[in-house]
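Reader: Hello! Could you take me through the salt bridges here in one connected account, and then through the parts of the fold that they lead to?

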Amino acid sequence: MPGERRVITGFSNPTVKALRALREKKHRKAAGKFLAEGLRLLTDARESGHVPETLVLADRRDPHPLLTALEEAVEAGGGEIIETSPDILSKITGKDNPQAVAGVFAEFDTSLAALDRTSADIWLVAQALRDPGNLGTMLRTGDAIGAGGLILIDDCADPFSVEAVRASMGALFTQRIARATWDEFEPWLRADAGQLVAASLREAQPYRGAPYAAPCFVMVGNESRGLPEAYEMACDLRVTMPMKGRADSLNAAVAAAVLGYEVLASFD
């Protein structure tokens, strides 16, 4: 069935309220949907096989072939296309200067059971990561190094928040995401092949030239506390990176990138 197209002109329209509510975690969880904004990001989603259920367009916009391709994909999938004013689109996205298009997607399956660890040599793992910008950056890093995905351990930021989706720059749609507690993750990891690696000062060796093995799970901890000692000691390999300045640690997402690229280089 072809998709539906309609125009919304009022700020108080129930659809506008429902779309705006997706900026809040409790409403995303209840609806099982999330919001993404921008032509490039939505194009990355489409090219990765993810077509929005609802496409929201500014009624004053420049024509673009990628936008046309998005509309055609939504219509072919039986989705809904909404045209509205830039002011209403701003209310929906929470940005003063919104891009001309936003999309609503169904949240992905984030269970460990949905992952195929043999599909990639590198996986990223984050424990209690609280900053959605860091989470999105780790997704971008995962995409860049060819990682299979990002596993979120314990109480992490929501990967489907507007901030995390924006920071991922489309990598949300190319990377698998799983969420679990440590007590769920560790038995899953040990049930099959997998090397768990963490940056650490406890009985660690230099990160350059360390004996990395695929599939390698690169784990970073909370931005302020780092990894719990018990988690570090459960790792197969603990590595240390030199800190030549006054800072005693790297940003969590930066540390994941440095380690991820070193692992990638070791496999070449």
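**Salt bridges and their surroundings**

Author: Happy to. Arg-208 and Glu-262 meet through their side chains in a salt bridge, with 3.6 Å from N to O. Please keep in mind that this is a predicted model. The two partners belong to distant parts of the chain, 54 residues apart: Arg-208 sits in the loop between strand S10 (205-206) and strand S11 (216-220), while Glu-262 belongs to helix H10. Are the two ends of this pair buried or exposed? Arg-208 has a relative accessible area of 59%, above the 50% limit, and therefore counts as exposed. Glu-262, in contrast, has 14% relative accessibility and so falls under the 20% limit for buried residues.

In soluble globular proteins, nonpolar side chains tend to be buried together. Leu-172 shows what the packing looks like around one member: leaving aside neighbours within four places in sequence, Leu-172 is in contact with Phe-34, Phe-108, Leu-139, Pro-159, Phe-160, Val-165 and Ile-177.

Back to the charged pairs. The structure holds 15 salt bridges, and one of them joins Arg-5 to Glu-83, whose closest N and O atoms are 3.1 Å apart. This pair also links distant parts of the chain, with Arg-5 in strand S1 (residues 4-7) and Glu-83 in strand S4, 78 residues apart. Arg-5 has a relative accessible area of 38% and is partly exposed. Glu-83, at 19% relative accessibility, counts as buried because the limit is 20%.

Glu-37 counts as buried, at 9% relative accessibility, whereas Arg-166 is partly exposed, with a relative accessible area of 28%.

Both partners of that pair turn up again in the lining of the second largest pocket, which also includes Gly-38, Leu-39, Arg-40, Leu-41, Asp-44, Lys-95, Gln-99, Met-169 and Gly-170. The space in this pocket comes to about 160 Å³. Sorted by class, its lining has five charged, three polar and three nonpolar residues. Helix H3 (residues 39-47) supplies the largest share, four residues.

Which residues of H5 (residues 86-93) are buried? They are Ile-88, Leu-89, Ser-90, Ile-92 and Thr-93. Their cover includes strand S2 (33-37), strand S4 (80-84) and helix H7 (162-168), along with helix H1 (14-21), strand S3 (54-58) and strand S5 (101-106). After H5 comes Gly-94, with a positive phi near 80°.

How values were computed: Residues numbered from 1 in each chain as written. Predicted model: local features only at pLDDT ≥ 70, side-chain atom pairs only at ≥ 80, totals over all residues. Heavy atoms only, no water. 1 Å grid on protein atoms, 1.4 Å probe; cavity = no way out; pocket = protein on both sides within 12 Å on 5 of 7 lines; lining within 4 Å. Points joined across faces, edges and corners; volume = space filled by probe spheres on them. Helix = DSSP H or I, 4+ residues; strand = E, 2+ residues; numbered from the N terminus. Nonpolar A, V, L, I, M, F, W, Y, C, P; charged D, E, K, R; others polar. Buried < 20%, exposed > 50% of the residue type's maximum accessible area, 1.4 Å probe, protein only. Contact = heavy atoms within 4.5 Å. Salt bridge = Lys/Arg side-chain N within 4 Å of Asp/Glu carboxyl O.
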